Amino acid sequence: MGEPGPLRITVLGSGTSVGVPTPGCHCAVCTSQDPRDNRLRPSILLQYGGHNVVIDTTPDFRTQVLSAKLDRLDAVLFTHAHADHIMGLDDVRPFNFRQQTRIPIFASSDTLISIQRVFQYIFECNDHQSSVPQIETHALDGDSFQLFGQPFTPVRLLHGRSSIYGFRFGSAAYLTDHSDIPPESMERLRGLDVLFLDALRHKPHPTHSTVERSIQTVEELAPRRAFFTHICHDLPHEETESTLPSNIRLAYDGLEILVGAAD
Ligand SMILES: [Zn+2]
Ligand SMILES: [Zn+2]
Ligand SMILES: [Zn+2]
């Protein structure tokens with residue numbers, strides 16, 4: 001099946017859970033003048049066929065949609081329920097007001113259960129005196145699904161001991177928080193133009209991939225282009241990029257990628 005026209009990815013946030021600069025830290029990266037060293041919490045915006053889809057609603061969601069000048073939100077996909085990926089959900093309300101519609105959200109049933117617990121007030125059927133997000137939940141079972149004509153495939157990833165979802169959409173994939181990619185998921189990631197993947201830092205971490213580990217993943221999957229994300233303050237943008245193979249770059253907030261384009 002063909003893809004529904006061009007797909008644009010905008011990086012809304014490329015940072016790890018505490019963001020960069022990290023509060024209280026005065027290291028070279030946290031005090032850097034390079035705007036690419038300022039990293040909000042991890043999320044991307046997908047735009048295709050006039051639709052806007054966001055992966056994860058971070059604690060910085062409001063700032064991120066203002067920066068992206070987003071005036072419409074059609075759906076949210078969630079990778080998992082860690083705070084840095086869900087805490088901005090309340091800020092979908094302005095889109096409810098503008099669009100007068102519920103926003104569909106897609107996640108594994110485990111992630112939906114956590115979202116329902118954390119945001120209990122959204123799901124209580126009491127009459128609310130103040131506004132609460134109007135959302136419509138869709139549980140993913142690991143099978144591919146269509147969203148506004150674009151096929152999406154959940155890609156199971158290991159994030160320490162938990163299992164979370166990355167997503168493939170056409171010839172692009174977004175694999176945030178992971179320490180390992182199971183073999184059956186690797187098979188879902190062949191022939192990519194664009195691959196986004198977790199590369200927290202150099203030092204090993206129990207739930208995240210490292211620069212060295214993610215370089216190996218890129219070598220194995222051989223996408224045309226790869227972008228590292230979920231980056232902590234250990235990695236200065238310019239210096240780190242100068243050590244990477246030319247098909248691998250560090251993502252930065254505001255980076256726009258046209259999937260399938262010449263460069
Ligand atoms: Zn995270
Ligand atoms: Zn720092
Ligand atoms: Zn996480």
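Which residues do ring pairs link into a cluster? Ring pairs join Tyr48, Phe106, Phe145, Phe152 and Phe169 into a cluster.

**Ground rules**

I am working on a predicted model, where local features need pLDDT of at least 70, side-chain atom pairs count only at pLDDT 80 or more, and totals for chains, interfaces and linings use all residues. I number residues from 1 along each chain as its sequence is written, letter chains from A and number ligands from 1 in the order in which they are written, and take side-chain values from heavy atoms, with hydrogens and water left out.

**Entry: aromatic pairs**

I found eight aromatic pairs in the structure. The criterion I used: rings of Phe, Tyr and Trp (its six-membered ring) pair if their centres lie within 6.5 Å; planes under 30 degrees apart count as stacked, over 60 as edge-to-face and the rest as tilted. I looked at Tyr48 with Phe152 and noted a tilted pair, with 6.4 Å centre to centre and 50° between the planes. This pair links distant parts of the chain: Tyr48 sits in strand β2 (residues 43-48) and Phe152 in strand β8, 104 residues apart. For strands and helices I took DSSP runs, numbered from the N terminus (helices H or I, at least four residues; strands E, at least two).

I then checked burial (buried is under 20% relative accessible area, exposed over 50%, partly exposed in between; 1.4 Å probe, protein chains only). Tyr48 is buried at 2% relative accessibility. Phe152 is buried too, at 0%.

Next came Tyr165 and Phe167. Their ring centres are 6.3 Å apart and their planes stand at 55°, so I logged the pair as tilted. Tyr165 is buried with a relative accessible area of 12%, and Phe167 with 0%.

**Entry: zinc ion (ligand 3)**

Which residues coordinate this ion? I listed His80 (NE2), His82 (ND1), His159 (NE2) and Asp177 (OD), at 2.2 to 2.4 Å. Donors here are N, O and S atoms within 2.8 Å of the metal (3.2 Å for Na, K and Ca); water is not among the atoms, so sites may look incomplete. Along the chain, the donors of ligand 3 follow the spacing H-x1-H-x76-H-x17-D. The angles among its four donor atoms run from 93 to 167°, and the site is irregular. I kept the cut-offs beside it: four donors count as tetrahedral if all angles lie between 85 and 135 degrees; four count as square planar and six as octahedral if opposite donors are over 155 degrees apart and all others between 65 and 115; anything else is irregular.

His159 is buried, with a relative accessible area of 3%. Asp177 is buried at 1%.

**Entry: zinc ion (ligand 1)**

I found the protein donors Asp84 (OD), His85 (NE2), Asp177 (OD) and His230 (NE2), lying 2.1 to 2.2 Å from the ion. Their angles of 93 to 160° make the arrangement irregular. The donor spacing is D-H-x91-D-x52-H. Asp177 bridges the zinc ion (ligand 1) and the zinc ion (ligand 3), which lie 3.5 Å apart. Asp177 lies in the loop between β10 and α6, and His230 in the loop between β12 (225-229) and α8 (237-241), so the pair ties together parts 53 residues apart in sequence. Both Asp177 and His230 are buried.

**Entry: Thr210**

I placed Thr210 in the loop between β11 (194-198) and α7 (211-221). Thr210 is buried at 10% relative accessibility. Leaving out residues up to four places away in sequence, Thr210 touches Ala199, Arg201, His202, Lys203 and Pro204. Contact means heavy atoms within 4.5 Å.
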